[in-house]
Amino acid sequence: MDQATAESIDADDVRGLTAAAVAERVAAGQTNAYAADTSRSAWNIVRANVFTLFNGIVAACFLVLLLLGRWQDALFGIAALSNAVIGCVQEFRAKAALDRLALLNAPRARVRRDGADAEIAPGDVVRDDLLVLRAGDQVPADASVVASQGLQIDESMLTGESDAVDKRPGDEALSGSIVVGGEGTARATRVGAASYANTFASEAKKFQLVSSELRTSIDRVLKWVGWGIGPVGLLVLNAQMMVAGGWAEAFRQGTWSQAVVNTIASLTAMIPLGLVLMTSIAFAVGAARLAGKKVLVNELPAVEGLARVDVICLDKTGTLTAGEIRFDDALTLAERDGWRETLGWYGEADDANATARCLRDPFPVDSPLKPARRIPFSSARKWSAVSFAERAAGTWVLGAPEMVFGDRAADADSELGAAVTRLASSGRRTLVLAHTPSPLDDDDVSMERFRGEPVPVAVLTFIEAVRPDAAGALAFFREQGVAVRVISGDNPRTVAAIAREVGLDVAEGYDARRLPEDDDELGRVLEEHTVFGRVTPDQKKRIVTALQARGHVVAMTGDGVNDALAIKTADIGIAMNSGAAATKAVARLVLLDGRFSHLPSVVAEGRQVIANIERVSMLFLTKTVYATGLAVLFGVLVMEFPFLPRQLSITDGLTIGIPAFFLALLPNAQRYVPGFLKRSLSFAIPAGIVIAVSLTVYTRLAMDLGLSVAQLRTGATIILAIVAIWVLTVLSRPITRVKVLVVGAMFIALTAIFTIPALGEFFQLQDPGEDGAWLITAVVVTALAAIEAVRFAHRRFVRRLLARRVPADAVAA
């Protein structure tokens, strides 16, 4: 920056940049524009669905078969490609819906240009812009503070520093940080990709990944298969070469190609490709459905996350209540000149919050007062103070009665305590206007204090409209075993009255000023009480952390900047769209129309995803287990693998792939219980072993009967198809009309493949003969009986698991 420009900026700190200066910087590319995806990026979607280890293995096997001229056996490659395409399309559709919503609800930045304040898109901020910062704002670009009136900024999301930092002229304000108190102006110094937040954008995204049991469990299975596929592949290849006459003989006679084809058949069967696809589709479709209900999902696995929640913490204002507050009355306790004018000034102040703005109509301002010194409102201390230049008559303090007067405000024997107790118990929100004889000085402002004994002048009451949908939503959570904790900065009696109005059975609220400092003791208090009042932002975060430490999965809803830390800390943070930009920025879910009644829909969507993926995973994991078992058994016993790749494509597509697509999207209200992978494997492993052993025994007996290779393979395909259809039927119970249609259609398709000559010829299916038919029947009946026994034992095992887990996970509702 040249000297002339610097002098111009210094001389014009109050008015901000001119339109010409803004245009000059835009032309120079000095804007805050930054290409950050509002949801999962296009490249991440393609990479997750296409460029994977197992897709690489499938592609290599596909290429080998094409080079061998066995294109008929390469059908699995087309299926894998279809999986990738379908997964990408579904996620792109979900991304488009989410991006449209995010664009419509993007945060705004406040700047001063040509002496006037304006709200613009954060990307339109230019270098040297004068940012106007107020409580609840998120700093859009790195800036140097120009002026400060009690300006406090929370930088914990960037620096890890938990306490809000006082900012004075010359201090740096980092992009992405949150203004939690006071107001001020700051000059933008680094914009766009050069800003602090964008420099560490990738780290921030990693930090914000939602905990997903589905994703973690599936990744674990894929890792196991990835480690095992190499050694198992070598074992199978060696066995197939031995069957072909030995390595030397196989290469001399040219029979090595069939050995390679058999090995490829065993390896591709081991890979649960569709499991990742089904999970991605279920998440994407769930997010798209919620987008249609005006719920913005900032990360797809958050759909699953809320289904796992067993405690939901609610802020009163903006969540249980509509967030629209109106002035009710002023109860005068002491006469002091100018108290009405003071309330009028509070209502007209530039940084007036929603509560203060309610004072504009009942206390109109004829001649504006000029403050000499002031301490802006802070959600941590819950009061603000001002001394006026034309009045040397002390200091006016407006805030929560308990925070200004301490225990005196709750003492029913005092005039103030009696009034506050009575009014708060009726559900009204109360503030007190107090006066002290000592005016504020610079030290008072710096230390955020007022001197002298405050005198209560008036108790102000405000009325908040309870959301009409709140009672129904809370009833849903109660029925589903999700405990509710109401935590608010308001008077505990006020919060308890509102809680009773929406159906919670509470006698009184717990005053958060009495919360223990010990985390274990805090957790005990949280189990015993439902409603908490006078909660500070740091306490909200501690409450969430204490519940998590006791093993709970916690959701936190809110709309104010004082909720941002707790929302960020919670397993699932939910923000109202009417809330502060900073709060929405850290939330996993944003209720765009502010309707609390959407939360049951989100829970239901998440439960559908988890329950259906659990069912589908049993199909895919059973296949992985029996494919691995077959590979190992046939490798150790040195037997020819009983399938061609094209024959396995029949069973993969019609007994797992296609029906799994429908099953993953069916309605399912089953309540979530942790332990997804353990329950899935407890069925898949024994069922897979039954199938693998059955096919191994069949193959050995078929060889003893003298069946040809084609007949043997046909019999193995029939056995696998029937048993796999039965597994599908068993896992689909209880059977509904839709499930009958899905399973029935797959059975008809299988019958057609085995009876239509052209298809039989393509898949190399041959009549196994009378002896083969009897053998197939015996093996099928035995296998089906064993599968039923496995399912019976599995259900008993799961019931025992749930019986042990329920009391351990119980929480006072």
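Helix α26 passes helix α27 in a left-handed crossing; left-handed means that the near helix is turned anticlockwise from the far one by less than a right angle, and right-handed means clockwise. This is a predicted model, where local features need pLDDT of at least 70, side-chain atom pairs count only at pLDDT 80 or more, and totals for chains, interfaces and linings use all residues. Residues are numbered from 1 along each chain as its sequence is written, and side-chain values use heavy atoms, with hydrogens and water left out.

**α26 and α27**

- The axes of α26 (residues 598–636) and α27 come within 10 Å and cross at roughly 165 degrees. Axes are lines fitted to C-alpha atoms, for helices over the stretch in contact, and angles run from 0 to 180 degrees between N-to-C directions.
- α26 is therefore roughly antiparallel to α27 (over 145 degrees; under 35 is roughly parallel, 65 to 115 roughly perpendicular, the rest oblique).
- Helices are DSSP runs (H or I, at least four residues), as are strands (E, at least two), numbered from the N terminus.
- N612, R615, V616, L619, F620 and K623 of α26 meet D652, T655, I656, A660 and L663 of α27. Contact means heavy atoms within 4.5 Å.
- This contact has six nonpolar, two polar and three charged residues. Ala, Val, Leu, Ile, Met, Phe, Trp, Tyr, Cys and Pro count as nonpolar, Asp, Glu, Lys and Arg as charged, and the others, Gly among them, as polar.

**α27 and α30**

- α27 (residues 645–663) and α30 (residues 737–755) have axes that come within 10 Å and cross at roughly 160 degrees. That makes the two helices roughly antiparallel.
- α27 passes α30 in a right-handed crossing.
- On α27, the contact uses I650, L654, T655, I658, P659, F662 and L663; on α30, it uses K739, V742, M746, A749, L750 and I753.
- Eleven of these residues are nonpolar, one is polar and one is charged.

**α22 and α23**

- α22 (residues 519–528) packs against α23 (residues 537–549) at about 90 degrees, with axes 9 Å apart. The pair is therefore roughly perpendicular.
- D519, L522, G523 and L526 of α22 touch R542, I543, A546 and L547 of α23.

**Rings and charges**

- There are 13 aromatic pairs (rings of Phe, Tyr and Trp, its six-membered ring, with centres within 6.5 Å; planes under 30 degrees apart are stacked, over 60 edge-to-face, the rest tilted).
- F327, W339, F363 and F462 form a cluster through ring pairs.
- The charged end of R381 sits over the ring of W383, 4.9 Å from its centre (NZ of Lys or CZ of Arg within 6 Å of the ring centre and within 35 degrees of the ring normal).
- R791 lies over the face of F683, 5.8 Å from the ring centre.
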